[in-house]
Amino acid sequence: MGQRIRIGGVAPGTRIDHELAERVKAFAADAFLDQAPEIVFHPQCFLSAGHFAGSDDERAKAFLEVANDPKFDALWVARGGYGACRMAEQVMAGYHDSARAKTYLGYSDAGALFGGLYKLGFENLAHGPMPIDLTREGGEAAVRRALGYLVERAPE
């Protein structure tokens, strides 16, 4: 068995609740058994400032904390919700070189961040399912595909 990967969840847009975070962790453990990743949702994911997951500064700092932390193999955007474009400039200015080796996964407004990362030469960017998708019809299959990509590099 290889080393478990460690995935950091952040919410650059709208918040998620603790119940969803626990459901995603349990789902990953059931779906991958001995290869189950360690998923750590940054506390910022649960903040609330209007309809955002914390202030622009709190969201940017959380994104950078996970992106720049070499103990994380991947950064998974928890949910969309417009807020990423409001903090993109701060995020683009705060990267360390260790952030380039990480895999980034998400969609919706995360595209504002991913486009900037792509322009900076980041190679491991993927447009794909987020933890919030577990609450949608067909969501288990979508989240399974996302985790399959992060854990096994499955092409689906």
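1. How many helices and strands does the protein have? There are five helices and five strands. Keep in mind as you look that this is a predicted model.

2. Now follow the chain from the N terminus: the elements come in the order β-α-β-α-β-α-β-α-β-α. The radius of gyration is 14 Å, close to the 15 Å that the globule rule gives for 156 residues, so the protein is as compact as a globular protein of that length. Along its principal axes, the C-alpha trace spans about 40 × 30 × 25 Å.

3. Next, the inside. Of the 156 residues, 51% count as buried. Take the contacts between residues at least 6 apart in sequence: 74% of them join residues at least 24 apart.

4. The accessible surface comes to about 7,600 Å², and carbon and sulfur atoms account for 50% of that. As for charge, the protein carries 17 positive and 21 negative side chains. The centres of these two sets lie 3 Å apart.

5. How many disulfides does a search of the whole structure find? The search finds zero. A disulfide is a covalent bond between the sulfur atoms of two cysteines. For cysteine 45, the nearest cysteine sulfur is that of cysteine 85, 18 Å away. That is too far for a bond, since a disulfide needs the two sulfur atoms within 2.5 Å.

6. Are these two cysteines buried or exposed? Cysteine 45 counts as buried, at 0% relative accessibility, whereas cysteine 85 is partly exposed, with a relative accessible area of 41%.

Terms used. Residues numbered from 1 in each chain as written. Predicted model: local features only at pLDDT ≥ 70, side-chain atom pairs only at ≥ 80, totals over all residues. Heavy atoms only, no water. Helix = DSSP H or I, 4+ residues; strand = E, 2+ residues; numbered from the N terminus. Rg over C-alpha atoms; globule rule 2.2 N^0.38 Å. Buried < 20%, exposed > 50% of the residue type's maximum accessible area, 1.4 Å probe, protein only. Contact = heavy atoms within 4.5 Å. Areas by Shrake-Rupley, 256 points an atom, 1.4 Å probe, with all protein chains shown as cover. Lys, Arg positive; Asp, Glu negative; His and termini not counted. Charge placed at Lys NZ, Arg CZ, Asp CG, Glu CD.
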